[in-house]
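Please open the model in your viewer and keep a selection panel at hand.

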Amino acid sequence: RQRMVFALSQILVVSDADLPTLSSAQYMDVLTRNAFGNYRDLLEDVTYSPAMGIYLTYMYNRKGDPTTGRMPDENYARELMQLFTIGLVELNMDGSVKTDGAGQTIETYDNLDIVGLAKVFTGFAPNGTAFWQKGEDAWYAPMRMYDDQHSELEKSFLDLTIPAGTGGEESVQQALDHIFNHPNVAPFISRQLIQRFTASSPTPEYVERVA
């Protein structure tokens, strides 16, 4: 279990340089509890963790405001796709890169996907009584979703559209379900786990068996 926790900590990375100690401890608890579980459950617990919220700056992330030009923070939306789930290019189940008819790699997402997904992660704040009023357990309890700060707009990304008016928690559920079921997740994560346990340059056949 400790080896898996260490491996996951190298994939779902946070830095403890500016984190409250209790947030770092809670994050390690999240990885430990989910080490032998389902990756979808792990993604949800990581998403709600104060450590990740602080590190990728979506804690206190508010919905856009057209009058001031404020846009939702995009850090977590981008890193969730790029580093934690699907990567930059489409993969075959053996981890090899898919190509189009011209022999070019196929990007998994573009900037519009990031903009759409960023709206999902608005409304997060530390556990407390209100968006700006955190409780005593704020740094080690899961973050809360405050719908008054969550984007009520339509959210479109990776061929999914979450309708306008969908609440924050439901938007997060739909987004994580959709991303988790992307065909890239299995080979992208499997190859990284293999590299951290048994082989730095696994064969395609090895990656496919694990995936």
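The model is predicted, with local features requiring pLDDT of at least 70 and side-chain atom pairs pLDDT 80 or more, while totals for chains, interfaces and linings use all residues. Residues are numbered from 1 along each chain as its sequence is written, and side-chain values use heavy atoms, without hydrogens and water.

**First selection: H1 and H2**

Select H1 together with residues 21-33, which form H2. Helices here are DSSP runs (H or I, at least four residues), numbered from the N terminus. The two axes come within 9 Å and cross at roughly 120°; axes are lines fitted to C-alpha atoms over the stretch in contact, and angles run from 0 to 180 degrees between N-to-C directions. H1 passes H2 in a right-handed crossing (the near helix is turned clockwise from the far one by less than a right angle). Display the side chains of Val-5, Leu-8 and Ser-9 on H1, and of Met-28, Leu-31 and Thr-32 on H2, which make the contact (heavy atoms within 4.5 Å). By class, this contact has four nonpolar, two polar and no charged residues (nonpolar: Ala, Val, Leu, Ile, Met, Phe, Trp, Tyr, Cys and Pro; charged: Asp, Glu, Lys and Arg; polar: the others, Gly among them).

The crossing of H1 and H8 is right-handed. From H1, the contact involves Arg-3, Met-4, Ala-7, Leu-8, Gln-10 and Ile-11; H8 contributes Ile-189, Gln-192, Leu-193, Arg-196 and Phe-197. These residues divide into seven nonpolar, two polar and two charged.

Remain on H8 and select Ser-190. Is Ser-190 buried or exposed? Ser-190 counts as buried because its relative accessibility is 8% (buried is under 20%, exposed over 50%, partly exposed in between, with a 1.4 Å probe and protein chains only). A polar atom of its side chain lies 2.6 Å from the backbone oxygen of Ala-186. Leaving aside residues up to four places away in sequence, Ser-190 touches Val-185, Val-207, Val-210 and Ala-211.

Return to H1 and select Phe-6, which counts as exposed at 53% relative accessibility. Its C-alpha atom is separated by 34 Å from that of Ala-130, 124 residues apart along the chain.

How values were computed: Helix = DSSP H or I, 4+ residues; strand = E, 2+ residues; numbered from the N terminus. Polar contact = N/O pair within 3.5 Å; in protein donor to acceptor, adjacent residues only side chain to side chain.
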